There are 2 protein chains.
Amino acid sequence: MEQSSIAAIELEMALLVRQLVSMTTYKKNGSLDRAAYLLLHHILASPACSVKSIADEFHLDISTVSRQVASLEQRGYISRMPDQSDGRSYTLAITEPGAEVLKENQEARQEGVRQLLKDWEEAERQAFGELLRKFNTACLEQS
Amino acid sequence: MEQSSIAAIELEMALLVRQLVSMTTYKKNGSLDRAAYLLLHHILASPACSVKSIADEFHLDISTVSRQVASLEQRGYISRMPDQSDGRSYTLAITEPGAEVLKENQEARQEGVRQLLKDWEEAERQAFGELLRKFNTACLEQS
DNA sequence: AGTATATACTTGTATTATACAAGTGAAGGT
DNA sequence: ACCTTCACTTGTATAATACAAGTATATACT
């Protein structure tokens, strides 16, 4: 029945969020916090992004992104250039040190996941990755 | 290759935690916060649990659980009885109102998930639920 | 039995990541 | 030219966690 699969997903999601928050916030994997990591990842992938465009994409409050961007800039991991066509906005870009620290963190995090899933079948890992992507997409589309 | 599935899971997990935090913390589904919900769930399922046993089970700090338990007790959702065999400890149990509010919240949350996944194949939902459970188990076992 | 150590819990304080509200200055429509 | 909307910043609040210190009970050792 649909009933039981929904119930299982709902409960496991509640458990998962707690574990992930605990793992990524209080017992860090690398030097970047969760928000900084995702932000760098996105800025690397999106050449001409702004505070607003990031907030829209991730459904975060613009003030939240503003602070995260300020923090990354202060650490020298991104640069901001005044937007030519709009004096209110900035164009964000990752810097050389930013790209390096992102890569280091990415590797540390991936190593963590690799350890966690070392006994899984590769087919399970693939299926899990795809389902997670699909779930994330559904979350973003819904709101 | 293992490489790409690990990378996909790692990235999607980072995205997921943000979305789940946002959904369950700032735009609530029901009257119980995330911690209270999981706690009630656990207390219902585990007859004779204590602050310590819960902290161990979830790998949380005992002070965190202590506050969450105090909050639930204050709202009348659980009761605590002095442990017969250990004067330092209490036995926790869910109350009638606690069971009710848990059920309401559970239904609201499940309805949210149902909406989110309404276009999925039932087989996908089942697979996802099972993989999530397996992942959560792996997280708990690792630490 | 008495004392020292370990344990269960509480309380104080800090941190992280978020939201909402208010403020500033630039853009754009009429 | 003025009013409104928009991009961004800053102030403040909140939730959920951790760590550290304190209290009272339990256990172990001599």
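Reader: How many residues does the contact take from chain A and from chain B?

Author: Happy to start there, with a predicted model in which local features need pLDDT of at least 70, side-chain atom pairs count only at pLDDT 80 or more, and totals for chains, interfaces and linings use all residues. Residues are numbered from 1 along each chain as its sequence is written, while chains are lettered from A and ligands numbered from 1 in the order in which they are written. Two residues are in contact if their C-beta atoms, placed from the backbone, lie within 7 Å. On that basis the contact takes 45 residues from chain A and 44 from chain B.

Reader: Which element gives the most to the side of chain A that touches chain B?

Author: Helices here are DSSP runs of H or I with at least four residues (strands are E runs of at least two), numbered from the N terminus. On this side of chain A, at least two residues each come from α1 (2-26), α2, α5 (96-116) and α6 (122-142). The top contributor, with 19 residues, is α1(A).

Reader: And how do the residues on that side divide by class?

Author: Ala, Val, Leu, Ile, Met, Phe, Trp, Tyr, Cys and Pro count as nonpolar, Asp, Glu, Lys and Arg as charged, and the others, Gly among them, as polar. The side of chain A that touches chain B then divides into 24 nonpolar, ten polar and eleven charged residues.

Reader: Why can one say that the copies meet through the same surface?

Author: The thing to compare is which residues each copy brings to the interface. The copies meet through the same surface because the interface residues of chain A are also interface residues in chain B for a share of 98%.

Reader: Which element gives the most to the surface near DNA strand C?

Author: A residue is near a strand or molecule if its C-beta atom, placed from the backbone, lies within 6 Å of it. DNA strand C is surrounded by 28 residues, and A:Asp33 and B:Lys52 are among the closest. With six residues, the most comes from α4(B).
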